[in-house]
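Here is a short tour of one protein chain, written for someone meeting it for the first time. Have a look at the picture, then read on.

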Amino acid sequence: MKEIEENKTKTEIKLSDFYRRLGPLLALVVLIILVTVMNPSFITPNNLLNLLRQSSVNALIAFGMTFVIITGGIDLSVGSILALSGALTAGLIAGGIPSIVAIIGGAFLGGLMGLFNGFLVTKGKVAPFIATLATMTIYRGLTLIYTGGNPITGFGEGFLFQFIGRGYLFGIPVPVVIMFLAFVVLYCLLHKMTFGRKTLSIGGNEEASFIAGIKTDRIKMAVYSISGVLSAVAGLILASRLNSAQPTAGTTYELDAIAAVVIGGTSLSGGKGRLFGTLVGALIMGTLNNGLNLLGVSSFYQQVVQGIVIIIAVLIDRKGN
């Protein structure tokens, strides 16, 4: 009887591991096939490139969110960081500052805001949910103050800033190129370097990691900074694409990013996660949005479908743990 129970447990572990590794990719393939059958125009090269470009913003935010969730945290401020970084960059360019300086300034601001989140979590001992919920409100308020509640426009004449959101490199949209470059760098950081192993260790058992000599606070602050920088880059891409920095940009983007991370197989309890899964999760969310638009489904119903997908992903995550 005991042997049967052990075999059953091993089988459940294997199934859980299978989902985390291949489940999201299989789900994406099935979803693409279903949408293509219902509307063959989905599979056209132009639409696929459009899908990747639409997914790039969420993917970048979700990459940073993956690191945060692996440590057992959460970052609800990513949408507000996106908005404030984009607004600052747009404001600087509109004020005559060179695009490259403004872009670096926007990314640096994102890193600082992420660092402040990490400081609250590590040194302030504030629960990540509460800390980033508070900074989400603060950063959004600062965005509204900075912009006066109005969009910033008339700043996109510089080639470099236009190129980030609307340019092409060898026929591929630049946001897609940025997304994949970020993926390669962050994949190596998480899965091939000591920093990634320490991040996973902290999520698995923070106290044991600290006893083992890992500077847990430093790693967690770095993780939140990474999330901030990636959110800022996403904000620059979005502002460039729209040729307008909206003070309400990024609203609810944190939910899309968390959904992509969880769908990709990263555990909400921390300690387990794969960046490739997050990329696939972001593509699943993008495919849903793109496919439902092509099928003429109302945006109201789209929100319902997205919510259902998030619930299913969370339930699977709970079962896997």
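Predicted model: local features only at pLDDT ≥ 70, side-chain atom pairs only at ≥ 80, totals over all residues.

## Helices, strands and overall shape

Buried residues make up 47% of the 321 residues. And if you take the contacts with a separation of 6 or more, 79% of them are between residues 24 or more positions apart.

## The nonpolar core

Which residues touch the most other members of the largest nonpolar core? They are Phe63, Phe67 and Leu186, out of 70 residues in that core. Helix H2 (residues 45-70) gives the core its largest share, 12 residues.

Let's zoom in on Phe63. Skip its neighbours within four places in sequence, and Phe63 is still in contact with Met179, Ala182, Phe183, Leu186, Leu230, Leu275, Thr278 and Leu279. Leu186 turns up in that list, and Leu186 is also one of the residues named above for touching the most other core members.

## The largest pocket

Now for the largest pocket, which holds about 660 Å³ of space. Its lining is made of 22 residues, and Gln54, Tyr253, Asp256, Asn289 and Gln306 are the ones that lie nearest the centre.

Where does the lining come from? H2, helix H10 (216-242), helix H11 (253-263), helix H12 (275-294) and helix H13 (299-320) each supply at least two residues. H13 gives the most, with 6 residues. Sorted by class, the pocket lining has 7 nonpolar, 13 polar and 2 charged residues.

How many cavities of 30 Å³ or more does a search of the whole structure find? The count is 1. The largest cavity has a volume of about 70 Å³. Among the residues that line this cavity are Leu82, Ala83, Gly86, Gly235, Leu238, Ser244 and Gln246.

Helix H3 (78-94), H10 and strand E4 (244-245) each supply at least two residues of the cavity lining. By class, you'll find 8 nonpolar and 4 polar residues there, and no charged ones. H10 has a part in both linings, then: it supplies at least two residues to the largest pocket and at least two to the largest cavity.

## Two loop residues with positive phi

Finish with a couple of backbone angles. Asn243 isn't a glycine, yet its phi is positive, about 55 degrees. You'll find Asn243 in the loop between H10 and E4. Is Asn243 buried, exposed or partly exposed? At 26% relative accessibility, Asn243 counts as partly exposed, because that label covers values between the 20% limit for buried and the 50% limit for exposed.

Thr252 is another residue other than glycine with a positive phi, this one near 70 degrees. Thr252 sits in the loop between E4 and H11. With a relative accessible area of 39%, Thr252 is partly exposed.

Note on methods
Residues numbered from 1 in each chain as written. Heavy atoms only, no water. Core = buried A, V, L, I, M, F, W, Y, C linked by side-chain atoms within 4.5 Å. Buried < 20%, exposed > 50% of the residue type's maximum accessible area, 1.4 Å probe, protein only. Helix = DSSP H or I, 4+ residues; strand = E, 2+ residues; numbered from the N terminus. Contact = heavy atoms within 4.5 Å. 1 Å grid on protein atoms, 1.4 Å probe; cavity = no way out; pocket = protein on both sides within 12 Å on 5 of 7 lines; lining within 4 Å. Points joined across faces, edges and corners; volume = space filled by probe spheres on them. Nonpolar A, V, L, I, M, F, W, Y, C, P; charged D, E, K, R; others polar.
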